[in-house]
Amino acid sequence: WVPQVLSSTEEMVDLYRELSRHPGLKAACLGPDVTTQYGGKYCSLYTEWSQRDLERGEHIKFCRQYLIFHDGASIVYSGPTGTCSEIKDELLSRESPSGALKAVLRKVPSKENKEEKQFLEVWDQNCKLKSINLTVLDKHGTVYDDDHFGCLAWSHSETHLLYVAEKKRPKAESFFQSKAPELSTSNEDVGRPEKAEVPLKVGSPQPRAGRGQLGGRGADRVVPQGEQFVYHEDWGEALSKRSVPVLCVMDIEASSISVLEGIPEHLCPGQAFWSPDDTGVVFVGWWSEPFRLGLQHCTNRRSALFYVDLTRGACGEQRAPRPCQCCDSTQCLTSPSPHACAEQLSENNMAVWSPRLSPNRCHIVYLENDAFGPHQQCSRLRMYDWYTKQTSTVLAAVPRQTWGTFPGIYCGALPGLCWAADSRRLVLDTAQRSQQDVFVVDTVTGATTSLTADAPQGSWSVLTIDRDILVARFSTPSCPHTLVRCCPLPSPHQPLSGPPPTLFPTQKVAVLPGAGLEAQVQWVCLQDAPPVSGISWGIHTLQPPPEQEHPQYRGLDFDAILLRPSEGPATQKHPLVVMPHGGPHSIFTAGWMLYPAALCRVGFAVLLVNYRGSLGFGQDSVTSLPGNVGTQDVHDVQLCVEQVLQEESLDAGRVALVGGSHGGFLACHLLGQFPDTYHACVVRNPVVNIASMVATTDIPDWCLTETGLPYVPDTLPDPAQWTEMLCKSPMRYVDQVRAPVLLMLGEDDRRVPPQQGLEYYRALKARGVPTRLLLYPGNNHALAGIEAEADGFMNMVLWL
């Protein structure tokens with residue numbers, strides 16, 4: 001008897017609709033403490049969620065609030081307040097340091113069906129205080145709301161807001177544009193005196209009312225001719241509208257906007273915040289020369305931490321000169337005639353990001369990688385002392401992961417608020433093999449302690465920590481971040497009566513214990529979610545055979561997460577879908593993922609393979625893969641498949657491949673190298689020919705680095721290098737492919753351009769292999785549009 005998967009299209013649609021309804025928890029913010037008349041304290045917890053709306057074809061955001069009663073050492077009671085409510089058109093929002101104000105960047109569709117407008121708003125607890133139409137002011141272009149450059153930072157005095165926007169670009173005209181006749185009427189004749197607008201330059205006083213504004217109408221009078229078709233570089237995949245960012249300041253009292261000038265042209269600023277005394281701005285600057293490379297998922301781009309001083313000093317006094325590390329000048333940044341340059345705070349020729357200022361405003365921690373090399377690595381945690389100007393390494397890269405010790409830092413960013421109240425410890429989450437855990441780090445000693453060592457296995461993420469109240473989220477492959485009714489929690493002295501319900505905690509809160517006592521942390525559930533029925537899962541660890549060991553990095557192992565349908569006869573053998581991840585320096589952690597869970601509910605077992613080169617296993621594992629793509633990673637996946645088929649009750653005659661990006665690269669390799677193992681394949685934006693991709697992708701360095709070749713921007717590969725890239729590509733094995741292949745391509749993909757998939761499609765069609773291609777307009781590499789994601793699932797499962 002052969003077990004069947006769901007065969008009804010209607011049933012699959014209903015299943016996807018059900019599972020896609022589970023929202024994801026995106027952000028959390030703690031309000032200020034309130035003392036009750038009885039002496040107890042409580043605070044509000046504001047949470048933001050994202051949910052797919054299939055009918056509207058978009059991701060919607062909504063909020064939910066909780067009350068947390070605590071005594072400073074433990075949580076006494078917590079529970080939700082009211083129902084959820086949708087958040088409309090918010091791009092960014094940020095609470096002020098005191099919690100009394102909130103800044104919101106909002107988009108508003110134009111009534112004339114033209115380009116949407118952007119407003120910067122300031123709210124207090126009772127009403128909206130300010131609303132500035134940034135589009136009408138025309139000081140700059142679109143405000144950035146992405147995770148790479150974007151920020152919305154309050155000054156410590158809560159009088160100014162700092163953000164990043166696209167630099168205003170003058171509208172160009174043709175050489176043959178007709179000119180309007182000059183009017184003799186002057187400004188004085190019509191009672192409109194001309195007002196000169198002075199740009200806010202580095203070294204000028206801190207912006208106040210009427211000062212430091214940019215984008216004056218005077219600049220608009222000089223209209224460049226013949227420049228309407230000049231090419232402007234952008235930052236690649238998912239950042240195609242990001243070209244030249246500028247730092248902007250809103251003076252709340254004056255309701256004025258100023259644009260900071262003077263940052264060197266070869267630097268693109270982002271992730272900015274105010275200096276400890278509000279007299280300057282700290283930011284991350286990315287080098288844009290000789291040309292921009294893709295930033296999305298690339299934490300190896302040359303960048304540094306910079307500071308610009310916005311004051312000249314009392315009475316115009318000159319300060320001692322200090323060298324500038326981003327150019328040859330040694331002029332004083334704060335002299336009456338300052339050199340327009342930023343002071344570099346971090347080391348040169350590195351990649352840095354995610355700076356976070358301590359509560360006492362003395363230290364800045366940030367993440368650091370080597371420039372170039374693998375796009376994702378085991379990062380270093382560095383700390384800059386604001387007053388001594390010294391930089392130290394808090395945590396270095398970890399060569400090998402060992403259980404019971406800190407695994408290393410593998411994360412895209414530190415939590416927005418990550419410091420403990422003592423300004424000495426901070427919390428972060430990181431991959432630890434195939435799960436994600438939370439750690440507290442002592443920045444003085446470098447000691448680390450797991451806060452989830454005794455917690456359920458799965459994926460933990462820090463949302464925020466404020467006044468040592470720590471909020472985190474939790475999920476597993478069978479337990480999403482689902483909103484359900486939250487039963488009131490008893491105090492520690494009033495245990496629950498009767499057996500606990502079968503629920504999994506997805507949202508947790510705890511008070512961080514004092515230094516040295518962190519392991520005693522007690523998590524309290526804010527919300528429980530029922531697990532999705534019909535899914536069981538576990539983690540397999542594998543060791544490659546001696547002949548497949550890396551000669552320089554021996555002893556490396558790797559993991560795979562296996563999801564299995566848990567309903568039906570125990571003896572039935574389910575078909576297997578093998579899913580290697582993309583990157584290749586990425587990781588599947590044991591958290592909620594829509595596609596694997598839905599495939600499992602349909603009736604497939606799903607194997608998520610973290611081959612050597614994945615994050616979470618130490619820097620040696622990352623370093624072992626470049627130069628060995630197409631062999632080491634392919635052999636790891638094949639070894640995992642063969643071992644799981646031997647150890648588990650699965651149908652070896654019904655094995656399929658599903659993968660995207662580098663996961664698609666591996667799927668196409670496996671189809672050709674092991675054609676007897678696999679009987680169907682679905683790939684999304686796959687890399688199929690590294691040699692042809694290098695000239696079209698936003699990450700040409702990836703093509704050479706992963707092939708094992710050196711990347712230098714001003715050199716071209718020689719014929720031997722082209723050959724090497726082709727030999728490591730799946731196209732080398734296309735003649736051996738027999739399994740039917742479904743390709744899904746994003747028309748706007750900058751990372752792996754759709755020409756890659758088209759090249760594979762034509763090669764398969766020419767060889768008579770059953771092939772189908774889906775091309776999604778308006779979608780980039782992630783194929784994350786609601787319509788594309790839903791249609792992709794249905795076509796994938798029907799193909800399988």
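This is a short talk on the fold of one protein chain, taken from a predicted model.

Ground rules. Residues are numbered from 1 along each chain as its sequence is written, and side-chain values use heavy atoms, with hydrogens and water left out. Since we are looking at a predicted model, local features need pLDDT of at least 70 and side-chain atom pairs count only at pLDDT 80 or more, while totals for chains, interfaces and linings use all residues.

Confidence next. pLDDT is the predictor's confidence in each residue, from 0 to 100. The protein's mean is 88, and 87% of its residues reach 70 or more. Residues 313-326 stay under 50. The model still has 34 contacts for them beyond four places in sequence; contact means heavy atoms within 4.5 Å. Residues 328-340 are also below 50, with 37 contacts in the model beyond near neighbours in sequence.

Helices (H or I, at least four residues) and strands (E, at least two) are DSSP runs, numbered from the N terminus. Two strands pair if DSSP finds at least two bridges between them. β6 (residues 90-95) runs antiparallel to β7, joined by five bridges. Glu-95 has Lys-102 in β7 as its bridge partner. Six residues lie between the strands of this hairpin, and Gly-99 takes a positive phi near 85°. On to β8 (residues 117-123): β7 pairs with β8 over seven bridges, again in the antiparallel sense. Val-104 is bridged to Glu-121 in β8. How much of β7 is buried? Five of the seven residues in β7 (102-108) are. Buried means under 20% relative accessible area, exposed over 50%, partly exposed in between, with a 1.4 Å probe and protein chains only.

Next, the eight-stranded sheet. The sheet is open and mixed, in the order β30-β31-β33-β32-β34-β35-β36-β37. β30 (535-542) and β37 (771-776) are the edge strands, each pairing on one side only. From one strand to the next, the twist averages 20°. Inside the sheet, β31 (residues 558-565) and β33 (residues 605-610) run antiparallel, with five bridges. Asp-559 stands opposite Asn-610 in β33.

Which helices pack here? Helix α12 (residues 786-799) touches β34, β35, β36 and β37, and its direction makes about 170° with that of β37. Helix α6 (residues 632-647) lies across β30, β31, β32, β33 and β34, at about 120° to β30. Axes are lines fitted to C-alpha atoms, for helices over the stretch in contact, and angles run from 0 to 180 degrees between N-to-C directions.

α12 has a helix partner too. α4 (residues 594-602) has eight of its nine residues buried, including Tyr-595, Pro-596 and Cys-600. α4 and α12 pack at about 35°, axes 11 Å apart. On the α4 side, Leu-594, Tyr-595, Ala-598, Leu-599 and Val-602 meet Glu-789, Gly-792, Phe-793, Met-796 and Val-797 in α12. Just after α4, Gly-603 takes a positive phi of about 135°.

Last, the cores. A nonpolar core is a set of buried Ala, Val, Leu, Ile, Met, Phe, Trp, Tyr and Cys residues joined through side-chain atoms within 4.5 Å. The largest has 57 residues, and Leu-576, Val-578, Leu-607, Leu-671 and Tyr-760 touch the most other members. α6 gives the largest share, seven residues. Beyond four places in sequence, the contacts of Leu-576 include Leu-562, Leu-607, Leu-645 and Val-655. A second, separate core has 38 residues, among them Tyr-144, Phe-273, Val-282 and Trp-287.
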